[in-house]
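Hi,

Here is the structure I promised to pass on. Have a look at it first, and my notes on what turned up follow below.

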Amino acid sequence: MTGYGILGTGSYLPSREVSNKEVAEWCGITAEWIEERTEIRTRRYAAPDEATSDLAAHAGRRALEAAGVPAHRIDYLIVSTSTGDSPQPPTANLVQDVLGARNAACLDVNVVCSGFVYGLEVARGLLTGGTGLALVIGADVYSRILDFGDHRTAVLLGDGAGAAVVGPVRDGHGFLGADLSSRGDAHRLIRVDAGGSRVPATAATVEAGGHYFRMDGRGVRDFVLDEVPPVVRRLLDRTGHTAADVGHFVPHQPNGVLLRRLVEQAGLSGAHTHRTLERYGNVGSASVPVALDDANRSGLLRDGDLALLAGFGGGMSIGATLLRWQVTA
């Protein structure tokens, strides 16, 4: 055992399936308009009694079961979310309590849709000695902050959670490298304006819709197409690989049309791009781990396959990691 990789994955999507027809009626558009522009057909919304920590705990439990790891053996529990249960305490601590991961140090990571990949790299950096274990979860409940008067954003987002257990793997497997980058000068492209220390919650901010998710769609599109391909190339160069070596591309799932253009511009057309957006929409920080779990449980990831994970979004930030997959018995 000489490195760290992913030992097991899990995901959880709420039971309520919301069709394009429903969203179209709320937004005053058509179901055809949504699918043509996004390739999303359905998404999931959390039940009234479900919060981000509930979704995260379900996904985390499934990842632990897949890895054959009891919760008390986890050393670090990292939850990536931008829609935590509340400003305090950390959502990770709530998940720890539900799972019984009593020996884990807990922390939240908020890098919006890049957060799960950032969380993997944080876990890798924290683990030492070749025997440590971490549980990394990406979870978001965006349905609570959508403005259905803004059809450009309301049609895209859903709720979900995905998780991975990180631990020691065989020689030559696991994480080969990562590239994390941020562009704070572009922070206005994706935002929630109110509810923090700069614009505290008041009746007036709520009335004005200041707590809703906002996005400059064209600006985000240009950012993704301009900034993500160079990150992919830089990571591949650094690890001594080319795009042709990549067997699996597991990206954030923002919009199907944008994702197709990204795959082409990043030179990854030869890889199997794993997509779940048609069924689940954009689930924020959960997008990458949900797609990864879907690929893993489908049996498409084989021992020794090279997989590239990439998250990108609010901040603006990009996180990419390359790993050689290990199949565990």
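Valine 117 sits in helix 5 (residues 115-126); helices here are DSSP runs of H or I with at least four residues, strands are runs of E with at least two, and both are numbered from the N terminus. This is a predicted model, where local features need pLDDT of at least 70 and side-chain atom pairs count only at pLDDT 80 or more, while totals for chains, interfaces and linings use all residues. Residues are numbered from 1 along each chain as its sequence is written, and side-chain values use heavy atoms, with hydrogens and water left out.

Valine 117 is buried at 1% relative accessibility (buried means under 20% relative accessible area, exposed over 50%, partly exposed in between, with a 1.4 Å probe and protein chains only). Setting aside neighbours within four places in sequence, its contacts include Leu180, Val288, Leu309 and Thr321 (contact means heavy atoms within 4.5 Å).

That brings us to threonine 321, which is in strand 14 (residues 317-324). Threonine 321 is buried too, with a relative accessible area of 2%. A polar atom of its side chain lies 3.2 Å from the backbone oxygen of glycine 177. Beyond four places in sequence, threonine 321 touches residues including Val117, Phe175, Gly177 and Leu235.

Strands 8 and 14 run antiparallel and are joined by eight bridges, with serine 182 opposite serine 317.

Where does helix 8 bend? The bend is about 25°, at valine 224, taken as the angle between axes fitted to the seven residues ending there and the seven starting there. Among the buried residues of helix 8 are Val220, Phe223, Val224 and Leu235. Their cover includes strand 8, helix 9 (256-265), strand 13 and strand 14. After helix 8 comes glycine 240, with a positive phi near 75°.

Cheers

Technical notes. Polar contact = N/O pair within 3.5 Å; in protein donor to acceptor, adjacent residues only side chain to side chain. Pairing = 2+ DSSP bridges.
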